[in-house]
Amino acid sequence: MTEKCNIAVIASHAEGRILPETMDLAAFAKRLQNGRPGTVEVLVLGEDIEQIAEEIAIQAGLDVRAVFCSGLAAYSFDAYLALILKTLAGKGFSYICAPQNSQGQEYAPALAALLKAGCISGVNGLFFEGGTVFFQKDVFGGKLKANMDSCAETTVLTVQPGIFRPEGGSPVSPGRVTREEYESVSGKIHPSGIQKAPADAAGIVEAKVIVAAGRGIGNVENMPLVHRLAEIFPKSAVAGTRIVCDRGWLPYSRQVGVTGATVAPALYIACGISGASQHVAGMRGAKFVVSINKDPQAAMFNESDVCVVEDIETFIPLLLEIFRHQQNVNAVPSAPGNEKSGG
Ligand SMILES: Cc1cc2nc3c(=O)[nH]c(=O)nc-3n(C[C@H](O)[C@H](O)[C@H](O)COP(=O)(O)OP(=O)(O)OC[C@H]3O[C@@H](n4cnc5c(N)ncnc54)[C@H](O)[C@@H]3O)c2cc1C
């Protein structure tokens with residue numbers, strides 16, 4: 001397929017700030033445009049979006065359509081769906097790109113259904129072969145990648161944040177901002193504000209060593225093993241995958257990944273973590289990675305410098321025991337006359 005391919009990107013913003021996934025989406029759309037020439041346009045929806053629209057046009061160097069809607073102070077499912085349909089339906093877009101975040105995950109499938117479009121969710125890779133564009137997504141916990149192409153006239157894509165990063169530096173020229181205005185859209189659900197989770201004192205972002213727990217830790221009773229492993233290292237912290245936080249084994253402030261924190265410690269020890277791309281996106285900056293997993297095929301091993309194929313419940317206690325033994329050996333004072341001579 002070589003015909004012109006026009007791409008729309010739906011911006012994500014909150015509390016007057018452009019969310020980073022918007023710039024990731026813009027980077028993704030530019031990659032798509034490199035292989036399938038056409039236009040890229042960013043759609044910004046909301047009430048007070050003048051500055052956001054201008055900033056996106058400057059930072060991304062893409063044309064922006066600012067859709068002003070009175071009363072749309074914050075993201076709303078009904079309003080986004082109605083406005084996207086009004087502005088994009090029947091305009092010949094080949095791809096409509098939404099972020100794979102709480103907003104995009106909500107409206108994108110509904111949008112695809114209403115447009116009678118194709119829908120590929122969780123895209124985290126892109127390549128071209130023989131004139132066809134293939135979108136990739138993880139399956140089986142990241143062990144395999146599924147390659148998909150779409151034969152639909154319009155395809156709605158949700159793209160994982162943290163994978164396609166904008167190139168450094170400002171684009172040569174800013175995009176053009178056009179404006180449209182709509183009356184308020186009535187909806188069934190009214191967002192009533194966002195409440196920040198309380199900050200966790202033991203921040204994982206500053207930690208030099210992170211011991212991260214995954215579902216493979218088995219149950220909450222095994223969490224002390226992870227904490228004791230972390231205590232071995234100065235400036236360390238315990239973190240976890242989303243599943244671990246969903247289960248309440250750790251607070252959400254300790255979650256690493258696209259919907260959690262991005263960390264870059266000197267050492268990252270992953271305990272029972274499969275290596276799903278949403279987790280890996282948050283820890284890719286780690287300098288040295290050790291993974292413990294009983295599955296030799298775990299995707300996490302692809303990200304690791306040291307791969308330990310072991311059961312956590314036997315390996316960590318053994319490691320702690322060896323460490324305790326080593327400490328005791330070091331603590332035993334040498335008998336007089338037995339001191340090693342310096343040199
Ligand atoms: C929109 C979206 C956003 C997301 N954001 C995030 C995010 O920010 N962060 C995040 O982490 N996830 C995120 N996820 C979830 C992500 O897709 C994965 O489901 C999650 O990371 C998997 O967590 P896990 O590795 O703990 O569990 P699993 O995938 O279940 O892996 C458990 C691993 O433990 C191993 N194991 C089991 N028992 C043992 C044992 N006794 N000893 C050793 N190894 C053992 C298994 O072999 C397996 O590899 C997101 C998902 C979506 C859809």
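Is Lys235 buried or exposed, and what is its relative accessible area? Lys235 is exposed, with a relative accessible area of 63% (exposed means over 50%, with a 1.4 Å probe and protein chains only).

The model is predicted, so that local features need pLDDT of at least 70 and side-chain atom pairs count only at pLDDT 80 or more, whereas totals for chains, interfaces and linings use all residues. Residues are numbered from 1 along each chain as its sequence is written, and side-chain values use heavy atoms, with hydrogens and water left out.

**View 1. Lys235 and its backbone angle.** Lys235, a residue other than glycine, has a positive phi near 50° and is found in the loop between α5 (223-231) and β14 (236-240) (helices are DSSP runs of H or I with at least four residues, strands runs of E with at least two, numbered from the N terminus).

**View 2. Lys116 and its backbone angle.** Although Lys116 is not a glycine, its phi is positive, at about 55°. Lys116 lies in the loop between α4 (102-115) and β7 (118-123), and Lys116 is exposed, with a relative accessible area of 77%.

How values were computed. Buried < 20%, exposed > 50% of the residue type's maximum accessible area, 1.4 Å probe, protein only.
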